Structures are given as C-alpha cells and as structure tokens.
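Hello,

Here is the structure I promised to pass on. Please have a look, then read my notes below.

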Amino acid sequence: MSGGMEMHNSVVEKAFQGITRNPGEAALIEGVKLSVRGISHVYASPSGAATVSLQSVDLNIRDQEFVAIVGPSGCGKSTLLNIMSGLIRPSAGGVFLDGDRLSGVTQRIGYMSQADTLMPWRNTLENVELSLEIRGMPKAERRERARHLIHKAGLSGFEKSYPHELSGGMKKRVVIIRILAADSEVLFMDEPFGALDVFTKEMLQDEILKVWQETKKTIVFVTHDLAEAITLSDRVVLLTARPSTVKNEYDIPIPRPRSALETRFQPEFVALQKLIWNDLREEVVKTKGGRDA
Amino acid sequence: MHSAPGPQSGKTVFLLRLLLILAVLAIWEMLARLRILDPFFMSQPTAILVDMKEAFFSGEIIPHIVVTLKEALAGLLFGTLAGVLTAIFLEKAETAARVLDPIIMALYGIPKLALGPIFILWFGLGIESKIFLAALMVYFLVLFNAYAGFRNVDQSLVNAVRLMGASSRQIMLKVVLPSAIPWMLAGIKAGLGAALLGAVVGEYIGANSGLGWMVEYAGGMYDIARVFTCIIVLMLLMAMLNTVLGAVEGRLLKWRPTVG
C-alpha cells in the first residue's frame, strides 16, 4: 500500500511536468460567472500507475449561460464536474466563482447527480426541505417554501409520499424541486437522466428548459447524450479522450423558449449534431483503440 | 406459504396453530393420566393450569414478573445505548476501530452467561447484576448491527448532503443515523431475547426474586408444575414484547417498501 503511494507521488510529479501551468489569481472577466483555469487531475489506478484524467482544462461560463459538457465515456466529464463542485480536489488549477477561488463545496452551487439521492426515509416535503434545514431556516418558513415549489411543479398530493412510492421520473422531479428550493446561483447536473426511458427523459428535459427559462440560472450539464446536450444548452463543450482537455466548443443558436421535442426537428439541430458527432467520433475511436496504452 | 395471504387463510392458520397446541397438550395430559409419563417429573397440563391460576390469583407471581421485566428492559435500554454509542465512536475514529476490532471480537467470544457468578460478586444479588448481564448480552448484538449499518450508508446520499453544505454532525444526524435505523432495529430485536435470557439466567445463578429465581426455587422443591408456569409466563412475555417491538418497527420503517 505504502509502496503504491510513493510510486503514485513520483509518477504524478513526472506526469505533471509540462502540463502544469500557473493559473494565478485571475481577475474577474466581464460577464463570466464561473471560470475553470488549468484544471488537471491525476489519480493512481489500482495497479499503481498514474492516470491523467484531465489536462489543463480551461472553461469560462457566462452568467445565465447553459453549458453542456460532452465527451467519450470515461473521459473525466464527471470528474471535472466533481472538481468544479468542490467534492474532489484537483491536482492543479482552480475554479473561480465570480472571481473568487473556490475551496471545497459551497451552497452557492446546487448539484444533481445521476444517483438517486432522495433520502428514502423522508417524504417529498421533507426531502425538498432538506437543504433549507441544513442551512438552519426556521421550520415554518422552509415548509411554506417547499409546499409552494411542490405545488408549482404540479406534484401537489404527493407531499407525504415516500420516494419508493414515486416513479423514476417523479423522483427526478422532486430532486429538481429540491435543487430549486436551495436557490443556488449555479446548478450542476451530472447525467441526471442517464437511466430513464426516452419519454420520461424528454419530459424532464422540458422541465429543465422551463427551469432555465424561469430562473435564468447558470447551469452546467454533463451528459453522454449529444442530442440532449444540444437540446438544452447555449453552448456544447466537447472533451477529448483521456487525458481530457477541451477539444472544441460549439454555440447552439437555437432560439428559446425551446421544447425538447420541437428542437430535435430544427435544421440547425441536425447540422450541429452532425458537426459535433464527427468530432466526438474521433475521440470515441481513440478511447477504444487506446484502451491499453 | 404460496397461497395468497387473505383474511380467510390467516384465520385458518390461526385455527390450525391452536389445534396443534391443544393436541400436544391433550396427548401430554393423556400420557400423564395413563402413567406412561410420570407426573412427578413431567407434571401435566391440568396441574399446570391449576398452579397458574393459583400463582396469579394469590398474586404471588406478579412481583417476580415485574422484577424480571424490569431487568430485561433496563438491560435492553442500556445495552442498546452503549452499543449505538460505541458504534458511532468506532465509525468516527477509524484508527480506534482498527485497534479495537480484534479485541471486541475476542470479548464477544466470551460466554457471557458463564461470567454470571462474577457479576453477582461485583454487583450483588439485587437487580443490578442481572441488568448488567442482560445489557452485556444486548450490547454486542446492537454494536455489530449498528456498525454494519453505518458502514453500509449509501455514499451518494452522504455526498448529496455534503454538497448542500452539511457539517459532519449534520451528515451523522440526517443521513448516517436514519439510514442505519433498520440495522439497529434488527440488533434490538435479537437483543430482546438475549436480554430476557440474561435476566433469567442471572436470577437463576443468585437472586431473591424474579422468574429465574422462581424456576430455580420450584425446581429445588420438585414443584414441576410451578416450573412450567414460569416457563409459560416467560414465553408469553417474550411474545408480548416482540409484538410491541414489531409495532414500533412498523412505525419507524413506514418509509420502506416492505416491512417484515
């Protein structure tokens, strides 16, 4: 174990030579909400070899922008989001929110993961209240807020239902309500609809489009589903295969308000999908061929 | 087993159960009357019934039931508290957990009932020594279950509340403890029998009251009917406590898809 750790350190250092840049305390760029500067991440695989998952990732996300991050599977999209949210410490680089360097998790960012993260012993109302409870909001106030949001989302009547009594799509909607209750400035979503059927997925995508339309929150959405990325976002960021870095960025000029179904038949949509898919395919091929490299 | 559990089949099962018990009692009574079984050593259902009526109507048995119940419940309470607190400590202090793991397992391996005489030397003939023995029996069961529960907490739930800005105390209170409740209840359920056993065996070894003492005393007097009376009362106590615990469990775990 300790031998592995030493090896890890030396290999990591070696892996860093050349890729580390000093990001410095960056000045606030006009209109930029969230800034990712020179993020690199190296971890030791079980065999002890150092694996570089992210290499000098730079990303500027404007206030009220909806950015989708796509890339071949295993490329470190989720790792990047976990670093941006403060769950994982990067090997190099930093994340800046309104120009302030983030250290650890912050309530200014709301997070929705692919996993089912509703507390099974709490009913809908109590689950929605959870983040407010953690913040110490008085009970009457948080209950009122939760009730209002549940009603607005059309889930009235399910306040007392436990998660196991809800369908997969409804559980996701409760998570969305919970994230809205917290009222964070920035929302991160890590493949939130990965395991759902197409129809439920489309319904939830409409829900997310509506959330953005109403709140204009800055949203970063990680997905492996290119169509989903284009449908939802203002900009798609494509990551390369490991060691991942930003390969290309694509503006999505499809007008809002959008609907998940209609968007898919727009000529721009088809053209964009073809364009991005060609670039993505190169990376997917690299992943497949370079598995043992 | 495979038939649909409607109200009809539930009633049938209950009747069959009653019939089985009555049949066993009838055969016992018959064998005793035919002198195939010696009633002096085996007693017989009618004699036990007469004795039971005697014991309850004279009020003789009531204080002993109270004492045994008190010991078992106090033991269950203290054993559970100590077990849960130890599990929380071991969960928080990883190094301590690794140091203590083999020691705890070794202590668990000691036949605790065999230590009864020592506890009676330490704590005297009163209820304290029995409470200690009962609590000790419960302690390990709850400790192992609660600790396993803590280890099995879904990390994605922990991460979710951490991302909401929860402190480690809030993570403990809002995620780890509630998700370990089913595990703790399993430990307490097993502990219930252990607590009653600890109390009765403690009384048996050395006491001046309690159902265990009564069994020992009646046995010494060759009053087999009284021994059976006490055993039946213990069985009923166990069944009653189990029902109460089942109801508590049903309330606490109503969020689960299937309860018991």
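**A strand residue to start with**

Ser56(A) sits in strand β2 of chain A. Keep in mind that this is a predicted model. Ser56(A) is not a glycine, yet its phi is positive, at about 50°. Is Ser56(A) buried, exposed or partly exposed? It is partly exposed, because 19 other C-beta atoms lie within 10 Å, and a residue needs 20 or more to count as buried.

**The sheet around it**

Strand β2 belongs to an open sheet of four strands in chain A. The order is β2-β1-β4-β5, and the pairing is antiparallel. β2 and β5 (100-101) of chain A are the edge strands. Each has a single partner strand, so one side of each is left without a neighbour in the sheet.

Now β1(A), residues 32-44. Of its 13 residues, 10 are buried, so the strand is largely enclosed by the rest of the structure. Its pairing with β2(A), residues 50-62, is antiparallel and runs over nine bridges. Tyr43(A) has Thr51(A) in β2(A) as its bridge partner. The two strands form a hairpin with five residues between them. Gly48(A), in that turn, has a positive phi of about 100°.

Pro46(A) is also in the loop between β1 and β2 of chain A. Pro46(A) counts as exposed, because it has 6 C-beta neighbours inside 10 Å. A distance for orientation: the C-alpha atoms of Pro46(A) and Lys247(A) are 28 Å apart. Along the chain, 201 residues separate the two.

β1(A) also pairs with β4(A), residues 92-97. These two strands run antiparallel and are joined by five bridges. Ser40(A) has Ala92(A) in β4(A) as its bridge partner. Arg37(A) stands opposite Gly94(A) in β4(A).

β4(A) then pairs with β5(A), antiparallel, over two bridges. Here Leu97(A) stands opposite Asp100(A) in β5(A). This hairpin has two residues between its strands. Asp98(A) takes a positive phi there, near 50°.

Which strands does helix α2 of chain A lie across? The helix, residues 77-85, lies across β1, β2 and β4 of chain A. It runs at about 120° to β1(A).

**Chain A overall**

Chain A has nine helices and 10 strands. Of its 293 residues, 39% count as buried. Take the contacts in chain A between residues at least 6 apart in sequence: 72% of them join residues at least 24 apart.

Two peptide bonds deserve a look. The one from Arg242(A) to Pro243(A) is cis, with omega near -10°. Pro243(A) is in the loop between β9 (235-239) and β10 (246-251) of chain A. The bond from Arg256(A) to Pro257(A) is cis too, with omega near -5°. Pro257(A) lies in the loop between β10 and α8 (260-263) of chain A.

**Chain B**

Look next at helices α4 (residues 62-92) and α7 (residues 127-151) of chain B. Their axes come within 6 Å and cross at roughly 35°. The crossing of α4(B) and α7(B) is right-handed. Their contact has 22 nonpolar, five polar and four charged residues.

Tyr222(B) is another residue other than glycine with a positive phi, near 55°. Tyr222(B) is in the loop between α10 (211-220) and α11 (224-252) of chain B. With 10 C-beta neighbours inside 10 Å, Tyr222(B) counts as exposed.

**Where the chains meet**

Best wishes

How values were computed
Residues numbered from 1 in each chain as written. Chains lettered and ligands numbered in written order. Predicted model: local features only at pLDDT ≥ 70, side-chain atom pairs only at ≥ 80, totals over all residues. Buried ≥ 20, exposed ≤ 12 C-beta atoms within 10 Å, placed from the backbone. Contact = placed C-beta atoms within 7 Å. Pairing = 2+ DSSP bridges. Axes fitted to C-alpha atoms, helices over the stretch in contact; angles between N-to-C directions. Left-handed = near helix turned anticlockwise from the far one by under 90°. Nonpolar A, V, L, I, M, F, W, Y, C, P; charged D, E, K, R; others polar.
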